[in-house]
Amino acid sequence: MTKRITMALAAVLAMAAVPAQAQLLAGEKEASVAAIPGVIAAGAKWELVWADFMTADGMTGTEDGGILFAQEQSNSVRKLAPDGKAYVWMPDVAGAGAVSIDAAGRVFAVERTCTDPGLHMPSCPELTRVVQLAPERRMLANSFADGRPLGRLNDLLADGQGGAFFTQTGLFHVSAAGKVSVVAEKVDSFTNGLALSPDGKVLYVTDKEKVLAFDVGKDGTTANRRVFATLSGEEKGFGGDGLAVDAEGRLYVTGDAGIHVLDRAGKALGVIPVPRRAITAAFAGPDRKTLYVGTMGAVGPDGKAWTTPEGVRNVAMTIYRVPMLAAGPADRPK
């Protein structure tokens, strides 16, 4: 299987080694970028840098300009270096679903264990959990305060104090000591992506076509829940998914339409189109002026869109990157 994937990826990258948008690969759509002042230049080109038949989710930038991403099916956190080389950064991360790094270099992840729908397990005996992977590995939590299991976890975000926020139908927080607290258990639809403002004072979370915001105190407590923005055109689809923030406090929301760009007040500045349906995004590169996006779908070795037999979950993904005018926060990875 590994050889097959390697050959397929080589074929994808060979096909992609042409001027951007000169040749659309199977499953791609035209992605002509219009200017958004201070954010991205008109005509900026997406570059395909990675593709595989397993996921690349919950990504975050690294200090050297690369990215880390979670790959649930291979039970690992992988690294994509600035030169495009990819490798296993951390093995044995059970059902890795998302990864986050704080300014102190602590790396956190959610372990979805055996809850992948593709495994067709009616009940998963292994509890999901929020873990710290580096500088040392330890479990932060595998249950709520009342003993209930955490369930199938979505995204997480380091809080900068040794703990993390995480989503699973609602929004929750786990402290460095392992105490789990509820931020918002009842939401309108489905919580997913997370981001903190550059000053760490506002927490954002996607909730289908809405983006919610919360004020964050010095002790990590949250207050003043509100609707930060409503994403135009996302009402009937999956809605907003992953989040990223730049140094100016603008928010980047992946969705069916592309990447919605919102200013600090929640005003829509425009949408950056993406060749495939984007689900996760992160600023990276030596100057943090490169936006990486993980998208659904990939091309197989025959040049056709990768498909799977009936009943087999298709989790193929492609990572693209594009040069930006905006830069990610300089003092933390995401």
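Trainee: In the hairpin of strand 16 and strand 17, which residue takes a positive phi near 90°?
Mentor: This is a predicted model. Strand 16 covers residues 210-216 and strand 17 covers residues 222-230, paired in the antiparallel sense over six bridges. Five residues sit between the two strands, and the one with the positive phi near 90° is Gly220.

Trainee: Which residue in strand 17 is the bridge partner of Leu212?
Mentor: Strand 16 and strand 17 are joined by six bridges in the antiparallel sense. For Leu212, the partner in strand 17 is Val227.

Trainee: Is Thr113 buried or exposed?
Mentor: Thr113 lies in the loop between strand 7 (107-111) and strand 8. Though not a glycine, Thr113 has a positive phi of about 45°. Buried means under 20% relative accessible area. The relative accessible area of Thr113 is 8%, so Thr113 is buried.

Trainee: Which peptide bond is cis, with omega near 5°?
Mentor: Most peptide bonds are trans. With omega near 5°, the cis bond runs from Ala134 to Pro135.

Trainee: What is the relative accessibility of Thr206?
Mentor: Thr206 is placed in strand 15 (residues 202-207). Leaving out residues up to four places away in sequence, Thr206 touches several others, among them Phe190, Val211, Leu243 and Val253. Thr206 counts as buried, and its relative accessibility is 0%.

Trainee: What is the radius of gyration of the chain?
Mentor: The secondary structure comes to one helix and 24 strands. For 334 residues the globule rule gives 20 Å, and the chain is close to that, so it is as compact as a globular protein of that length; its radius of gyration is 19 Å.

Trainee: How far apart do the centres of the positive and negative side chains lie?
Mentor: The chain has 35 positive and 36 negative side chains. The centres of the two sets are separated by 1 Å.

Terms used: Residues numbered from 1 in each chain as written. Predicted model: local features only at pLDDT ≥ 70, side-chain atom pairs only at ≥ 80, totals over all residues. Heavy atoms only, no water. Pairing = 2+ DSSP bridges. Helix = DSSP H or I, 4+ residues; strand = E, 2+ residues; numbered from the N terminus. Rg over C-alpha atoms; globule rule 2.2 N^0.38 Å. Lys, Arg positive; Asp, Glu negative; His and termini not counted. Charge placed at Lys NZ, Arg CZ, Asp CG, Glu CD. Buried < 20%, exposed > 50% of the residue type's maximum accessible area, 1.4 Å probe, protein only. Contact = heavy atoms within 4.5 Å.
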